[in-house]
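Biologist: I would like to go through this model and ask what lies behind the words used for it. Please show it first.

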Amino acid sequence: MPDSPAHAPLPAGSPVADAYARLAGMYGSLQVVERAAHESAPRGVGWVGADELAAGGAELDGYLAWDEAQVLRDYGRQARPDVVATFGLHRYAWPACLLITAPWFLARRVPDLPAGEVAFHRTGGRMSVRVESFACLPDDPAAALPGARVVPDEEALRAEVRAAVARHLEPLLEGFGPRMRRGRRALWGMVTDEIVSGVWHLGKLVDEEHRAMAELDALLPGRTAPYTAGAAFRTLSGPGGERLATRDRASCCLFYTIRPEDTCTTCPRTCDADRIVRLTAAA
(Lines give C-alpha, C1' and ligand atoms only; values in the text may rest on other atoms or scores of the structure.)
Protein backbone atom coordinates (compact mmCIF):
# COMPACT_ATOMS: atom_id res chain seq x y z
CA MET A 1 0.00 0.00 0.00
CA PRO A 2 1.34 3.54 -0.70
CA ASP A 3 2.92 5.52 2.08
CA SER A 4 0.56 7.53 4.24
CA PRO A 5 0.50 11.29 3.69
CA ALA A 6 2.74 13.38 5.90
CA HIS A 7 0.94 14.90 8.84
CA ALA A 8 0.15 18.57 8.39
CA PRO A 9 1.24 21.04 11.07
CA LEU A 10 -1.44 21.79 13.60
CA PRO A 11 -3.66 24.59 12.24
CA ALA A 12 -4.89 27.52 14.28
CA GLY A 13 -8.44 26.11 14.32
CA SER A 14 -9.56 22.56 14.93
CA PRO A 15 -7.35 19.55 14.10
CA VAL A 16 -9.25 19.11 10.83
CA ALA A 17 -9.42 22.78 9.80
CA ASP A 18 -6.43 22.49 7.50
CA ALA A 19 -7.96 19.52 5.66
CA TYR A 20 -11.23 21.41 5.21
CA ALA A 21 -9.35 24.43 3.89
CA ARG A 22 -7.48 22.24 1.38
CA LEU A 23 -10.73 20.63 0.31
CA ALA A 24 -12.36 24.02 -0.27
CA GLY A 25 -9.36 25.21 -2.24
CA MET A 26 -9.57 22.24 -4.60
CA TYR A 27 -13.32 21.76 -4.71
CA GLY A 28 -15.00 25.14 -4.73
CA SER A 29 -18.52 23.69 -4.59
CA LEU A 30 -18.07 22.79 -0.91
CA GLN A 31 -17.05 25.19 1.84
CA VAL A 32 -16.90 23.84 5.39
CA VAL A 33 -17.49 26.35 8.17
CA GLU A 34 -16.53 25.23 11.66
CA ARG A 35 -18.47 26.48 14.67
CA ALA A 36 -17.09 27.20 18.10
CA ALA A 37 -18.45 25.36 21.13
CA HIS A 38 -20.80 28.24 22.05
CA GLU A 39 -22.25 28.68 18.55
CA SER A 40 -25.53 27.12 17.50
CA ALA A 41 -26.03 25.45 14.14
CA PRO A 42 -27.48 27.86 11.56
CA ARG A 43 -31.15 27.49 10.66
CA GLY A 44 -33.39 29.17 8.10
CA VAL A 45 -32.44 31.19 4.98
CA GLY A 46 -31.41 28.09 3.05
CA TRP A 47 -29.93 26.13 5.97
CA VAL A 48 -31.23 22.76 7.10
CA GLY A 49 -29.89 20.59 9.91
CA ALA A 50 -28.90 17.01 9.20
CA ASP A 51 -30.97 16.03 12.24
CA GLU A 52 -33.98 17.81 10.73
CA LEU A 53 -33.63 15.79 7.53
CA ALA A 54 -33.31 12.64 9.62
CA ALA A 55 -36.62 13.44 11.35
CA GLY A 56 -38.37 12.96 8.01
CA GLY A 57 -41.00 15.68 8.53
CA ALA A 58 -41.70 19.14 7.16
CA GLU A 59 -38.02 20.08 6.84
CA LEU A 60 -37.40 17.05 4.66
CA ASP A 61 -40.50 17.92 2.61
CA GLY A 62 -39.10 21.38 1.96
CA TYR A 63 -35.66 20.04 1.16
CA LEU A 64 -37.00 17.56 -1.41
CA ALA A 65 -39.26 20.16 -2.99
CA TRP A 66 -36.05 21.76 -4.33
CA ASP A 67 -35.03 18.49 -6.02
CA GLU A 68 -38.49 18.01 -7.50
CA ALA A 69 -38.50 21.54 -8.93
CA GLN A 70 -34.95 21.18 -10.26
CA VAL A 71 -35.77 18.04 -12.25
CA LEU A 72 -38.87 19.64 -13.73
CA ARG A 73 -36.99 22.83 -14.61
CA ASP A 74 -33.89 21.20 -16.09
CA TYR A 75 -35.38 18.13 -17.76
CA GLY A 76 -38.99 19.11 -18.43
CA ARG A 77 -40.55 16.13 -16.73
CA GLN A 78 -41.85 15.13 -13.32
CA ALA A 79 -39.72 12.71 -11.34
CA ARG A 80 -41.22 9.91 -9.28
CA PRO A 81 -41.22 10.60 -5.52
CA ASP A 82 -38.68 7.84 -4.87
CA VAL A 83 -36.39 9.31 -7.55
CA VAL A 84 -36.67 12.76 -5.97
CA ALA A 85 -35.79 11.31 -2.56
CA THR A 86 -32.82 9.43 -4.03
CA PHE A 87 -31.49 12.60 -5.65
CA GLY A 88 -31.97 14.50 -2.40
CA LEU A 89 -30.10 11.95 -0.29
CA HIS A 90 -27.24 11.78 -2.78
CA ARG A 91 -26.88 15.55 -2.82
CA TYR A 92 -26.52 15.55 0.95
CA ALA A 93 -24.56 12.34 1.50
CA TRP A 94 -21.80 13.01 -1.04
CA PRO A 95 -20.48 16.16 0.71
CA ALA A 96 -21.35 14.77 4.15
CA CYS A 97 -19.07 11.79 3.59
CA LEU A 98 -16.26 14.15 2.59
CA LEU A 99 -16.56 15.88 5.98
CA ILE A 100 -15.15 12.65 7.42
CA THR A 101 -13.15 11.11 4.58
CA ALA A 102 -11.28 14.22 3.43
CA PRO A 103 -9.48 14.76 6.79
CA TRP A 104 -8.72 11.02 6.85
CA PHE A 105 -7.28 10.99 3.34
CA LEU A 106 -5.41 14.29 3.62
CA ALA A 107 -4.26 14.30 7.25
CA ARG A 108 -5.06 10.94 8.87
CA ARG A 109 -7.57 12.52 11.25
CA VAL A 110 -11.15 11.28 11.52
CA PRO A 111 -13.70 13.70 13.00
CA ASP A 112 -16.76 12.41 14.83
CA LEU A 113 -19.77 14.30 13.46
CA PRO A 114 -23.19 13.23 14.75
CA ALA A 115 -26.10 14.47 12.64
CA GLY A 116 -26.92 17.12 15.23
CA GLU A 117 -23.56 18.82 14.65
CA VAL A 118 -23.98 19.40 10.90
CA ALA A 119 -26.10 21.85 8.90
CA PHE A 120 -26.27 22.08 5.12
CA HIS A 121 -26.80 25.05 2.81
CA ARG A 122 -27.24 23.31 -0.52
CA THR A 123 -27.54 26.29 -2.86
CA GLY A 124 -24.56 27.97 -1.20
CA GLY A 125 -22.43 24.82 -1.18
CA ARG A 126 -21.71 25.19 2.53
CA MET A 127 -21.73 22.87 5.51
CA SER A 128 -21.56 24.09 9.10
CA VAL A 129 -19.94 21.69 11.54
CA ARG A 130 -18.73 21.47 15.11
CA VAL A 131 -15.91 19.00 15.73
CA GLU A 132 -15.55 18.03 19.38
CA SER A 133 -13.61 14.79 19.01
CA PHE A 134 -11.51 13.00 16.41
CA ALA A 135 -9.44 9.86 15.95
CA CYS A 136 -5.77 9.90 14.95
CA LEU A 137 -2.61 7.80 14.96
CA PRO A 138 -0.07 7.73 17.81
CA ASP A 139 2.59 9.71 15.89
CA ASP A 140 0.21 12.54 14.99
CA PRO A 141 1.11 15.87 16.67
CA ALA A 142 -2.62 16.29 17.35
CA ALA A 143 -2.68 13.16 19.54
CA ALA A 144 -2.09 15.23 22.67
CA LEU A 145 -4.95 17.65 22.00
CA PRO A 146 -8.27 17.62 23.88
CA GLY A 147 -10.80 15.48 22.08
CA ALA A 148 -8.17 13.24 20.47
CA ARG A 149 -8.88 9.52 20.43
CA VAL A 150 -5.65 7.73 19.59
CA VAL A 151 -5.92 4.42 17.71
CA PRO A 152 -3.01 2.02 17.23
CA ASP A 153 -2.69 1.66 13.47
CA GLU A 154 -4.05 2.31 9.99
CA GLU A 155 -6.63 -0.46 10.10
CA ALA A 156 -8.01 0.87 13.37
CA LEU A 157 -8.20 4.32 11.77
CA ARG A 158 -10.08 2.86 8.81
CA ALA A 159 -12.52 1.33 11.27
CA GLU A 160 -13.02 4.81 12.73
CA VAL A 161 -13.85 6.16 9.25
CA ARG A 162 -16.42 3.44 8.64
CA ALA A 163 -17.97 3.97 12.07
CA ALA A 164 -18.04 7.78 11.81
CA VAL A 165 -19.78 7.73 8.43
CA ALA A 166 -22.28 5.16 9.70
CA ARG A 167 -23.04 7.17 12.86
CA HIS A 168 -23.68 10.27 10.81
CA LEU A 169 -25.73 8.78 7.98
CA GLU A 170 -27.76 6.05 9.67
CA PRO A 171 -30.31 8.55 11.05
CA LEU A 172 -30.52 10.12 7.58
CA LEU A 173 -31.27 6.75 6.02
CA GLU A 174 -34.12 6.36 8.50
CA GLY A 175 -35.53 9.71 7.36
CA PHE A 176 -35.07 9.28 3.60
CA GLY A 177 -35.54 5.50 3.38
CA PRO A 178 -39.35 5.27 3.42
CA ARG A 179 -39.57 7.84 0.63
CA MET A 180 -36.95 6.05 -1.45
CA ARG A 181 -38.72 2.67 -1.31
CA ARG A 182 -35.41 0.85 -0.89
CA GLY A 183 -34.32 -1.74 1.63
CA ARG A 184 -31.46 -1.44 4.08
CA ARG A 185 -29.01 -3.25 1.83
CA ALA A 186 -29.62 -0.87 -1.08
CA LEU A 187 -29.37 2.19 1.17
CA TRP A 188 -25.99 1.14 2.57
CA GLY A 189 -24.86 0.32 -0.94
CA MET A 190 -25.62 3.93 -1.80
CA VAL A 191 -23.52 5.12 1.14
CA THR A 192 -20.67 2.92 -0.11
CA ASP A 193 -20.88 4.67 -3.47
CA GLU A 194 -20.86 8.12 -1.87
CA ILE A 195 -17.72 7.30 0.13
CA VAL A 196 -15.89 5.85 -2.85
CA SER A 197 -16.82 8.49 -5.39
CA GLY A 198 -15.90 11.32 -3.03
CA VAL A 199 -12.43 10.07 -2.10
CA TRP A 200 -11.75 8.93 -5.68
CA HIS A 201 -12.56 12.45 -6.91
CA LEU A 202 -10.44 13.99 -4.17
CA GLY A 203 -7.54 11.73 -5.14
CA LYS A 204 -7.75 12.99 -8.70
CA LEU A 205 -7.78 16.60 -7.50
CA VAL A 206 -4.53 16.14 -5.55
CA ASP A 207 -2.98 14.00 -8.32
CA GLU A 208 -3.02 10.90 -6.11
CA GLU A 209 -5.69 8.81 -7.82
CA HIS A 210 -3.81 5.53 -7.41
CA ARG A 211 -3.32 6.11 -3.68
CA ALA A 212 -7.00 6.99 -3.32
CA MET A 213 -8.03 3.77 -5.04
CA ALA A 214 -5.68 1.68 -2.89
CA GLU A 215 -6.90 3.41 0.28
CA LEU A 216 -10.53 2.81 -0.71
CA ASP A 217 -9.93 -0.86 -1.46
CA ALA A 218 -8.54 -1.23 2.06
CA LEU A 219 -11.30 0.88 3.62
CA LEU A 220 -14.12 -0.99 1.90
CA PRO A 221 -12.90 -4.49 1.01
CA GLY A 222 -16.50 -5.71 0.68
CA ARG A 223 -19.36 -6.57 3.03
CA THR A 224 -17.91 -4.66 5.97
CA ALA A 225 -21.08 -4.09 8.00
CA PRO A 226 -23.15 -2.04 7.66
CA TYR A 227 -21.73 -1.43 4.17
CA THR A 228 -22.99 -3.99 1.71
CA ALA A 229 -20.35 -3.69 -1.01
CA GLY A 230 -16.69 -2.88 -1.54
CA ALA A 231 -14.83 -0.21 -3.47
CA ALA A 232 -14.75 -2.73 -6.35
CA PHE A 233 -12.28 -1.02 -8.66
CA ARG A 234 -11.27 -2.75 -11.85
CA THR A 235 -9.22 -1.86 -14.92
CA LEU A 236 -10.22 -1.75 -18.58
CA SER A 237 -7.91 -1.60 -21.59
CA GLY A 238 -8.26 1.39 -23.91
CA PRO A 239 -7.85 1.29 -27.70
CA GLY A 240 -4.15 2.07 -27.37
CA GLY A 241 -3.58 -0.36 -24.52
CA GLU A 242 -3.95 2.34 -21.87
CA ARG A 243 -5.25 1.28 -18.46
CA LEU A 244 -8.59 2.85 -17.58
CA ALA A 245 -9.87 2.70 -14.00
CA THR A 246 -13.53 2.00 -13.38
CA ARG A 247 -15.84 0.36 -10.86
CA ASP A 248 -19.40 -0.89 -10.67
CA ARG A 249 -21.69 1.11 -8.44
CA ALA A 250 -23.35 -0.79 -5.62
CA SER A 251 -26.55 1.25 -6.03
CA CYS A 252 -28.47 3.05 -8.76
CA CYS A 253 -28.91 6.82 -8.80
CA LEU A 254 -32.10 6.38 -10.89
CA PHE A 255 -31.15 9.12 -13.34
CA TYR A 256 -32.08 6.73 -16.15
CA THR A 257 -35.72 7.27 -15.15
CA ILE A 258 -35.31 10.90 -16.22
CA ARG A 259 -33.13 10.32 -19.28
CA PRO A 260 -33.02 6.64 -20.25
CA GLU A 261 -30.23 7.24 -22.73
CA ASP A 262 -27.92 8.66 -20.04
CA THR A 263 -26.22 6.46 -17.47
CA CYS A 264 -23.26 7.00 -15.16
CA THR A 265 -19.90 5.70 -16.37
CA THR A 266 -19.81 3.43 -13.31
CA CYS A 267 -23.43 2.29 -13.61
CA PRO A 268 -23.86 -1.48 -14.02
CA ARG A 269 -26.16 -0.58 -16.94
CA THR A 270 -23.18 0.92 -18.79
CA CYS A 271 -21.34 -1.78 -20.72
CA ASP A 272 -17.54 -1.88 -20.80
CA ALA A 273 -17.40 -0.85 -24.46
CA ASP A 274 -19.27 2.38 -23.67
CA ARG A 275 -17.11 2.95 -20.61
CA ILE A 276 -13.95 2.69 -22.69
CA VAL A 277 -15.29 5.23 -25.19
CA ARG A 278 -16.23 7.69 -22.45
CA LEU A 279 -13.06 7.24 -20.38
CA THR A 280 -10.82 7.54 -23.44
CA ALA A 281 -12.58 10.75 -24.50
CA ALA A 282 -12.24 12.17 -21.00
CA ALA A 283 -8.54 11.33 -20.90
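Modeller: A residue counts as buried under 20% relative accessible area. Keep in mind that this is a predicted model.

Biologist: Why is Q70 called buried?

Modeller: The relative accessible area of Q70 is 5%. The limit is under 20%, so Q70 is buried. Q70 is found in helix α3, residues 58-75.

Biologist: Which residues is Q70 in contact with, leaving aside its neighbours within four places in sequence?

Modeller: With those neighbours left aside, Q70 is in contact with Y75 and R91. Contact here means heavy atoms within 4.5 Å.

Biologist: Which residues make the contact of α4 with α6?

Modeller: Among them are L89, W94 and F105 of α4, and M190, I195 and L202 of α6. The residues of this contact divide into 12 nonpolar, 7 polar and 1 charged.

Biologist: Now the sheet. What is the order of the strands in the open sheet?

Modeller: The order is β3-β6-β7, with 3 strands and mixed pairing.

Biologist: Why do β3 and β7 stand at the edges?

Modeller: β3 (109-111) and β7 (148-150) each have a single partner strand, so one side of each is left without a neighbour in the sheet. From one strand to the next, the twist averages 25°.

Biologist: How do you know that β3 and β6 pair?

Modeller: Pairing takes at least two bridges, and 3 bridges join β3 to β6, residues 134-136. These two strands run antiparallel, and V110 stands opposite A135 in β6. Helix α5 (residues 154-180) packs on the sheet and touches β3, β6 and β7. The direction of α5 makes about 20° with that of β3.

Biologist: What joins β8 to β9?

Modeller: There are 5 bridges between β8 (residues 233-237) and β9 (residues 243-247), against the at least two that pairing needs. β8 and β9 run antiparallel. S237 stands opposite R243 in β9.

Biologist: Where in the hairpin of β8 and β9 is there a positive phi?

Modeller: G241 takes a positive phi near 85°. The hairpin has 5 residues between the strands.

Terms used
Residues are numbered from 1 along each chain as its sequence is written. This is a predicted model: local features need pLDDT of at least 70, side-chain atom pairs count only at pLDDT 80 or more; totals for chains, interfaces and linings use all residues. Side-chain values use heavy atoms; hydrogens and water are left out. Helices (H or I, at least four residues) and strands (E, at least two) are DSSP runs, numbered from the N terminus. Axes are lines fitted to C-alpha atoms, for helices over the stretch in contact, and angles run from 0 to 180 degrees between N-to-C directions. Buried means under 20% relative accessible area, exposed over 50%, partly exposed in between (1.4 Å probe, protein chains only). Ala, Val, Leu, Ile, Met, Phe, Trp, Tyr, Cys and Pro count as nonpolar, Asp, Glu, Lys and Arg as charged, and the others, Gly among them, as polar.
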